[in-house]
Amino acid sequence: NLFLWIREVSMSEKLCKLLRIFILSLVDQGLLVYTLDESGDAKSGKHSVGAARQYCGNIGKVDLCQVGVYLGVQLGNFRLIIDYRLYLPKSIINDPANIEKFGIPKEKFVFKKKQELALEMIDALISEGINISKIVMDGFYGSDSVFLSQLSERNIIFLADIACDTQICLEKPITYLPKRNGSRGRNPSILKILTQQFKVSDLVSDPSGWLNFNVRSTERGYKKVFVKCFRVWRKEDGYPVSEPLWLIISYDSSEKKVKYSFSNLPKSASEKDLAILQSSRYWIERTFEDMKGMYGLGD
């Protein structure tokens, strides 16, 4: 019934809080890397809370599934999920009957984007006095330029994967406001970018600048990738951001895959540091596999 559901949710939230406060008190928080990711599980019926037709990463397509946003932490190959939020799609929120059907408290029956749920978890940790020094995330969050700025405002170092067609400037951008042609019409109000822009994929073909690093241990030795890094200016709402950041491009020869990421690590960061941080998102994917395979997270 509704009372039991609320009690179980409350106990779960308290358990997560106690667990992370206890675990994180045992280690040097400055050495930890936090990971933001989501995980979906296909469902055969609509009786699970939040189950709806939406993109499910596990099967790589839109289908009936339940999606959660998770915040994890890692130190080397040790990893732990420390908080989570159930994502309620608009199709669920738009039907008030779902409040009673699923036993969802009215104060929680509000649509929130996944980025908003992520910030809720991050701000909860900050309010608990936990120092989030570094956080890594996939391209869904990396494609949200406003979200990246919100992390910077919280003095959080991020490394976010981005799409291959993401536009950047290699030089400090110069913008200007065009003059009005003639006497008719409104004065132009949209700035133009004078500096040449590139897609991040344009920087791959140059054979120079690649470095080879061991980024993490595996059961068969070390994972090796080729990496090259640039100081670039990203865009937000169509305009260049004033401060530069790192663009990390890596090539995994074993998987024949190129990955692109942004990071606001300091200018003094080494290419090896950037490559290792970029590869660390592997561990939350491994955590999801373990939790679903051994502990029934998918159920």
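Which residues line the largest cavity? Before getting to that, a quick word on the ground rules: this is a predicted model, where local features need pLDDT of at least 70 and side-chain atom pairs count only at pLDDT 80 or more, while totals for chains, interfaces and linings use all residues. Residues are numbered from 1 along each chain as its sequence is written, and side-chain values use heavy atoms, with hydrogens and water left out.

The strands (DSSP runs of E, at least two residues, numbered from the N terminus) count as paired if DSSP finds at least two bridges between them. Strand β5 (residues 134-137) runs parallel to β1 (residues 33-42), with three bridges joining them; here T35 has V136 as its bridge partner. β5 also pairs with β6 (residues 157-162), again in the parallel sense, over four bridges, and M137 stands opposite A160.

β3 (residues 61-75) and β4 (residues 78-86) go antiparallel, with eight bridges, and G72 sits opposite I81. Two residues lie between the strands of this hairpin, where G76 takes a positive phi near 65°.

Now for the cavity, meaning a set of points on a 1 Å grid over the protein atoms alone where a 1.4 Å probe fits but cannot get out. There is one of 30 Å³ or more. The largest cavity holds about 40 Å³, the volume being the space filled by probe spheres set on the points, which are joined across faces, edges and corners. Its lining residues (an atom within 4 Å of a point) are T35, G72, V73, Q74, R79, L80, I81, W283, I284 and T287. β3, β4 and α8 (282-294) each give two or more of them, a helix being a DSSP run of H or I with at least four residues.

Conventions. 1 Å grid on protein atoms, 1.4 Å probe; cavity = no way out; pocket = protein on both sides within 12 Å on 5 of 7 lines; lining within 4 Å.
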